[in-house]
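Student: I am new to this structure and would like to work through it by questions. May we begin once it is displayed?

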Amino acid sequence: YLFEYISIIDLFHGFLGLNIRFNKLIYEQFRKYHLDFRLISKTKFNHICENYLPIIINRVVSLRLSNDDDTPQQIELFLAHQNFQLRQFTRLQFLSLSDIQSPETFDQIIIECSHLPSLTHLIFKDNYISMSKTEVDLVFNNIWKLPKLIYFYLNDKRCIPFVNFNIISSDE
């Protein structure tokens, strides 16, 4: 029960590999993982992505990544990782991304999100994305198509042109 109050990153770092019982508790008893990489060192981030994430990828329900000053290029490193793709997080319900500056990264995330069947919450915070009106319309229409999405938040540091939605939400 104590493990419920410790972040999964700290559990991996502190308890994984101590003995078979701890490993079994971490890998088999946890049904849902909430990963918050916003305040983690690049070394720990790479270690978790290479060694642990492929094992628990089908149990991750929330994921937070950031490109801020403490974790530069973290989102791009995550998306470029060799051991997995974002679309493999089939149970992912909550995705929060901060400080994206590249329209290509933003587009890649939107494409990957279209393959996430359980995604209900999508958050983009403190971004600096420069896109044309046509690109913005296309991106937002793709977001609108996400089947289970019930919450979307976008906070961009630049002015985003008004969006013309061409997609009508279904009542499913």
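Student: Leaving aside neighbours within four places in sequence, which residues is Phe 78 in contact with?

Tutor: Please note that this is a predicted model. Neighbours within four places in sequence are set aside here. The contacts of Phe 78 are then Phe 45, Cys 49, Leu 53, Leu 63, Leu 65, Phe 84, Leu 86 and Phe 89.

Student: Which residues have the most contacts inside the largest nonpolar core?

Tutor: In soluble globular proteins, nonpolar side chains tend to be buried together. The largest nonpolar core here has 46 residues. Those with the most contacts inside this core are Phe 78, Phe 89 and Leu 95.

Student: Where do the buried residues of helix α3 lie around the axis?

Tutor: Helix α3 spans residues 42–51, and its buried residues are Phe 45, Ile 48 and Cys 49. An α-helix has 3.6 residues a turn, so residues three or four places apart point the same way.

Student: Against which elements do the buried residues of α3 pack?

Tutor: The residues concerned are Phe 45, Ile 48 and Cys 49. They pack against α1 (8–15), α4 (53–56), β2 (60–66) and α5 (74–79).

Student: Are helices α6 and α7 roughly parallel or roughly antiparallel to each other?

Tutor: Helix α6 (residues 103–113) and helix α7 (residues 133–144) pack at an angle of about 25 degrees, with their axes 10 Å apart. Angles under 35 degrees count as roughly parallel. The two helices, α6 and α7, are therefore roughly parallel.

Notes: Residues numbered from 1 in each chain as written. Predicted model: local features only at pLDDT ≥ 70, side-chain atom pairs only at ≥ 80, totals over all residues. Heavy atoms only, no water. Buried < 20%, exposed > 50% of the residue type's maximum accessible area, 1.4 Å probe, protein only. Helix = DSSP H or I, 4+ residues; strand = E, 2+ residues; numbered from the N terminus. Contact = heavy atoms within 4.5 Å. Core = buried A, V, L, I, M, F, W, Y, C linked by side-chain atoms within 4.5 Å. Axes fitted to C-alpha atoms, helices over the stretch in contact; angles between N-to-C directions. Parallel < 35°, antiparallel > 145°, perpendicular 65-115°, else oblique.
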